[in-house]
Amino acid sequence: MSIEIKAPNFPESVEDGEVLAWHRVAGEAVERDELLVEIETDKVVLEVLAPQDGVLSSILKGPGETVLSEELIGAMEAVTDSGEKQPAVAAAAAQPATGKASQQPRLGPAARRLAEQEHIDVSLVPGTGKDGLVTKADLLEYLQNKQSQTAPTSSQAEPAVAPATAEPPGAVTGPSGERVEKRVAMTRMRKRIAERLLNVSRDTAMLTTFNEVNMAPIMALRNKYKEQFQRTHNGTRLGLMGFFVKAACEALKRFPSVNASIDGDDIVYHGYQDIGVAVSTEQGLVVPVLRDADFMSVADIEARIHDLGSRARAGKLGIDEMTGGTFTLTNGGVFGSLLSTPILNPPQTAILGMHKIQDRPMAVNGEVVILPMMYLALSYDHRLIDGKDAVQFLVAIKDLIEDPARILLQL
């Protein structure tokens, strides 16, 4: 019995995808729910699994080819209804796995890119992931071991000699002084990110307003309750994002235009708060969404962010989990950023940028006091949001964070 293998059903926001890699070759036996092929879209890498036991009979779309929603990309021969294998299936199952293709280990997307960039023979790398999956960490460890084995010992090493002429700043040099360059194809997701950023700069009247917030009250609250919070909520850690998401929800209720979007000549006011939280991954920046964040507790928000962030970095997020947000938070402070201008995430019309917490001397009641301060940045589309509303919205965030009881009391 022949079974068609089709691309997943893409949502309206995704026009097409690109075949990233097949994990089986034509004629190879496969098991039910085994990963057959990965398809990269503008937002996420989708996995196509084998619907049942059988043999992969044909591949119609190879790596790098563009596929449409539910387009036929291959076929497989399945077992008969009686449970007996058809001849092609039985032959593939009985054939010893001696070919290179059948011995090829499974790789995740990040590991595959690293293997291609470094020209690694992945058959030499033992996989420590689930079902023998070769992870990026496995490849990095393999490279490190390989370099340590090939590096000369101290008795064999040449004495360090300063070059007669210095290379220009930023030059990339090889062992023999050769200037090395590497050219790699831009991933589909990275191309889409670049396109969206250019569209934002061209199609919006983006402006940014700044303020600063005293983080001492929130930090004192965390230090007081973090251990009890973690015990009570099944290991969920008390972070900063839970407070900022709740503060954003409260501020969005007061300033509906910040929670709105522009659709042609219409303004769409959203009566709910779906908050996007930017997550940095190896493939690029993704923004999973907390649906109805206003009705979530701080513990629910922290647990959900941790789950979404982990799955985003593993490439396991669904497209529906990254679409439909009404407002976005991004925290460059985790990378040490002191101040930046966040870029809008269309069709949203505002985004809040958080930054590094740094001790600074501040004037308090006529005295200089050292306080942990954070710069906040609100970028907004001036076509819809007036400067007054943007500034007052950011001040509302500041007031709520500096006095966390206001979040609970909705003051």
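Reply: Start with one side chain: Arg311 is partly exposed, with a relative accessible area of 22%. The terms are set by cut-offs: buried means under 20% relative accessible area, exposed over 50%, and partly exposed in between, with a 1.4 Å probe and protein chains only.

Me: What kind of model is this, and how are residues and atoms treated?

Reply: This is a predicted model, in which local features need pLDDT of at least 70 and side-chain atom pairs count only at pLDDT 80 or more, while totals for chains, interfaces and linings use all residues. Residues are numbered from 1 along each chain as its sequence is written, and side-chain values use heavy atoms, with hydrogens and water left out.

Me: With which residue does Arg311 form a salt bridge?

Reply: A salt bridge is a side-chain nitrogen of Lys or Arg within 4 Å of a carboxyl oxygen of Asp or Glu. Here the partner of Arg311 is Glu321, and their closest N and O atoms are 2.7 Å apart. Arg311 sits in helix α8 (298-313) and Glu321 in the loop between α8 and β16, so the pair ties together parts that are 10 residues apart in sequence. Glu321 is buried, at 15% relative accessible area. Helices (H or I, at least four residues) and strands (E, at least two) are DSSP runs, numbered from the N terminus.

Me: How many salt bridges does the rule give?

Reply: The count comes to 17. One of them joins Glu71 and Lys61, with 3.4 Å between the closest N and O atoms. Glu71 lies in the loop between β7 (66-68) and β8 (72-78), and Lys61 in the loop between β6 and β7, so this pair links parts that are 10 residues apart in sequence. Glu71 is partly exposed at 24%, whereas Lys61 is buried at 17%.

Me: Where do Lys253 and Glu250 lie?

Reply: Both lie in helix α7 (residues 241-254), 3 residues apart, which is about one turn of the helix. Lys253 is partly exposed at 35% relative accessibility, and Glu250 is buried at 10%. The two residues also belong to a salt-bridge network with Arg254 and Asp294.

Me: Now strands. Which way do the side chains of β16 point, and are they buried or exposed?

Reply: In a regular strand the side chains alternate between the two faces of the sheet. In β16, Phe327, Leu329 and Asn331 point one way, Thr328 and Thr330 point the other way, and all are buried. Strand β16 (residues 327-331) is thus listed as mostly covered, with 5 of its 5 residues buried.

Me: Which strands pair with β16?

Reply: Two strands pair if DSSP finds at least two bridges between them. Strand β12 (residues 275-277) pairs with β16 in the parallel sense over 3 bridges, and Val277 stands opposite Leu329. Strand β17 (residues 350-354) also pairs with β16 in the parallel sense, over 4 bridges. There, Thr328 stands opposite Ile351.

Me: What is the strand order in the open sheet of 4 strands?

Reply: The order is β1-β8-β6-β3, with antiparallel pairing. β1 (2-6) and β3 (29-30) stand at the edges with a single partner strand each, so one side of each is left without a neighbour in the sheet. The partner of β3 is β6 (residues 54-59), paired in the antiparallel sense over 2 bridges.
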